[in-house]
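Keep the structure open as you read.

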Amino acid sequence: MLTELQRAHARINLPAGSGDHEAPRAAQAIAREREWRQIACGAQPALDDITISRWEDSRAASWHVATTPSDRYFVGIALKTTRAILTRDRRVIFDGTMPSGTLYVSAPTRQLSAQFQTPCAFLHLHISAEHFPTQWSAAAAEGLDDLILLRDPLAAGLARALAEQGDAAGPQFAHCIGQILAMHLTRPELPRAKVNALPKWRLRRVEQHIAAHFERSISLSELAGVAGLSRMHFAAQFRAATGYRPREYLLNHRIEQAKSLLTRTERPLAEIALAVGFSTQAHFSTVFKRISGETPARWRAASRNHRPDVEALPRRRPSWDQDHIVSTAA
């Protein structure tokens, strides 16, 4: 992913002396949205052919609707795993879990409704149509509409780079990221991922089973049985529907539960590791950093700056099953 990012960056001709330090200090590279896909006046960066904003909603459920401007493509990249239903003209184009890094695109003048069923955080890019090949036919350009890529590595890396910079990101840096993403989307070999290969009712049964038993070992055979499929068919259909292998999904679910405990309690890391299904604190820390980009201790310290209220939760230890496939294996 880094190699591709570096190659794409090298193809962009930035004006001489246009480093971040020369951008006006008043320019905000990543604007905060007052409503979904609506940026407050004066918050756009100076280079407005690519406008980048951030949307966060801590509510358990929310519903939104917006129309893409006539000269723009809208690109959304999930910064955290969420469950969403995307609808256009009463037609559901996505209904399921959006892993962190999921990318979706809407073409100019198209209206999109979004229902988020969990708290969410997204990076939004509004990219001028001029950044896309002018030789495209109308049909080819329209092919980007409703494109949904689950776990797109480059998009996830670009979004993470911007999110980590936050308000410190200069407009030129953000603009460069937007250009790289536009080039990435226009690659002719870009795969179009299928979604919801696993029927929704089966997927919900599996997700509910994981949510109820994540603290113990869960085998691939067990999840396949919950879905009513063979192991081979279940694994392939689950990945097509969620973007995750079953084991990856379980690990991500455990990390989300761990984040809740890290934020709301003072329990030691070793105890939290056991509570969410890891056999050792070392393995828990390794997986946590791989998924979240920070160690549990650093993540806890950062989260406390935003949410000081800490409450005690009942303590428990998970049960263990040594014969498993989907569990704490790295």
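This is a predicted model: local features need pLDDT of at least 70, side-chain atom pairs count only at pLDDT 80 or more; totals for chains, interfaces and linings use all residues.

Side chains of opposite charge can pair when their charged atoms come close. With a cut-off of 4 Å between a Lys or Arg side-chain nitrogen and an Asp or Glu carboxyl oxygen, the count comes to seven salt bridges.

Start with arginine 59 and aspartate 57, whose closest N and O atoms sit 2.7 Å apart in a salt bridge. Next, find arginine 216 and glutamate 222, which meet in a salt bridge at 2.6 Å, N to O. Here arginine 216 is partly exposed at 21%, and glutamate 222 is partly exposed too, at 23%. Then there's arginine 245, bridged to glutamate 248 with 3.5 Å between the closest N and O atoms; arginine 245 is partly exposed, with 41% relative accessibility.

Now head over to glutamate 33, in strand E1 (residues 31-35). What is the nearest side chain of opposite charge to this buried residue? That's arginine 37, but it is 6.9 Å away, so by the 4 Å cut-off glutamate 33 has no salt bridge. The backbone of arginine 37 is another matter: its nitrogen lies 2.4 Å from a polar atom of the glutamate 33 side chain. The side chain of glutamate 33 also makes a polar contact of 2.7 Å with that of histidine 124. Beyond four places away in sequence, the residues touching glutamate 33 include Trp55, Arg54 and His126.

Terms used: Residues are numbered from 1 along each chain as its sequence is written. Side-chain values use heavy atoms; hydrogens and water are left out. Buried means under 20% relative accessible area, exposed over 50%, partly exposed in between (1.4 Å probe, protein chains only). Helices (H or I, at least four residues) and strands (E, at least two) are DSSP runs, numbered from the N terminus. Lys and Arg count as positive and Asp and Glu as negative; His and the chain ends are not counted. A polar contact is a pair of N or O atoms within 3.5 Å; within protein, one must be able to donate a hydrogen and the other to accept it, and residues adjacent in sequence count only if both atoms are side-chain atoms. Contact means heavy atoms within 4.5 Å.
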